[in-house]
Amino acid sequence: MGASGHFWRGVVFALAGATLWGFSGACIQFLAESYDISSAFISAVRAVVAAVLFATFALATRREALLSLVGSAAVRLTLVLFGVGLYLSQITYAVSVALTNAGTATVLQATCTVFVMLFTCMRARHLPRLTDFAGLVCALVAAALIATQGDWDVIVLPVAGLVWGIVNALSEALYIMAPQRLYDHWDRLAIIACGMVIGGVVALMVWLAGEGIVALFATSVDPVPATGAGAIGSGSGSPAQAAGIPALLADIFGTGGALIPQLDAVGWIVLVGGVGVLGTFTAFGLFLYGVSLVGSVKGSLLGVAEPAGAMVIAALWLQTPFSAADWTGLLLMAAMIALVSLSGARPRRLRGQSRPPIARS
């Protein structure tokens with residue numbers, strides 16, 4: 001397959017992954033509205049499910065490539081950075097939402113594209129291409145319109161919220177950019193599998209440690225029954241404060257109740273199937289494979305299509321109505337995709353760039 005074919009396949013894969021992220025967002029919204037479930041538990045389940053599936057798939061189809069990659073000491077630090085970045089992008093987004101709100105956190109998350117473009121240009125020592133810069137502007141404005149619905153009063157930016165939002169954006173830039181050089185020499189899916197396994201281990205450790213810390217806070221004073229504080233989007237409720245649990249910990253890890261939340265069959269299907277399998281394993285697999293083909297800058301721009309995917313799926317599933325801001329955002333997203341495609345589909349030799357890495361799939 002030629003360079004143009006690799007690029008278009010990467011665009012399709014990255015957009016499909018971003019759309020499934022939107023689906024996972026709709027699933028998480030459903031869980032938040034229907035169950036008392038913490039952000040850390042959802043992050044742990046989705047990361048562990050994805051890690052198990054990726055490890056199983058890689059061992060079954062790319063065993064030699066996977067073992068060769070794991071056995072190379074030269075790539076281990078990069079793989080660890082990749083995996084930690086994958087997990088941090090999820091948990092720092094939850095913290096950003098807790099300290100601001102979903103709209104503000106989404107806008108801050110979209111600035112990941114700015115950091116990716118900045119770091120890439122600094123490393124290559126050249127300014128961004130006009131089409132990439134125009135795509136960046138379209139992506140940021142579209143994400144802001146969809147997240148805020150055009151009402152800029154919803155933007156809440158305390159210092160702590162701004163800091164965590166920027167950390168979230170940087171963590172996304174980390175997992176997009178860290179493995180780029182590995183794609184030239186190692187099997188792409190083996191790299192993604194290793195990153196997801198590392199991210200799953202980190203997620204499990206953070207969840208268990210956080211639950212233990214919350215339990216210590218909860219038992220240090222008279223226990224107060226949890227009534228939902230600490231569930232996603234619930235904010236810092238009075239029961240958590242009365243139990244002596246810091247508000248931010250309660251928002252992420254809950255209020256020291258049951259380690260495993262009570263979910264019915266529908267809840268587990270949505271959590272494991274919707275968030276874990278489709279929204280994490282499939283979404284990250286498609287997106288990261290697409291990024292390996294189109295590059296970090298264009299991949300990060302295509303990843304900003306997530307809010308648009310979430311909006312469309314929420315409208316179809318949760319009956320959320322479309323607004324003028326939504327339609328405008330969709331048009332800008334379409335313009336961004338066109339600009340990225342226009343820039344990336346041109347032959348690389350005309351732009352003085354190196355030949356794309358050979359696919360090993």
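Q: Leaving aside its neighbours within four places in sequence, which residues is Cys138 in contact with?
A: This is a predicted model, in which local features need pLDDT of at least 70 and side-chain atom pairs count only at pLDDT 80 or more, whereas totals for chains, interfaces and linings use all residues. Residues are numbered from 1 along each chain as its sequence is written, and side-chain values use heavy atoms, with hydrogens and water left out. Taking contact to mean heavy atoms within 4.5 Å, Cys138 has these partners beyond its sequence neighbours: Leu332, Ala335, Met336 and Leu339.

Q: Is Cys138 buried or exposed?
A: Cys138 belongs to helix α7, residues 130-148, where a helix is a DSSP run of H or I with at least four residues, numbered from the N terminus. Buried means under 20% relative accessible area, exposed over 50% and partly exposed in between, using a 1.4 Å probe and protein chains only. Because its relative accessible area is 14%, Cys138 counts as buried.

Q: How many disulfides are there?
A: A disulfide is defined as a pair of cysteine sulfur atoms within 2.5 Å. By this rule, the count of disulfides is 0.

Notes:
Helix = DSSP H or I, 4+ residues; strand = E, 2+ residues; numbered from the N terminus.
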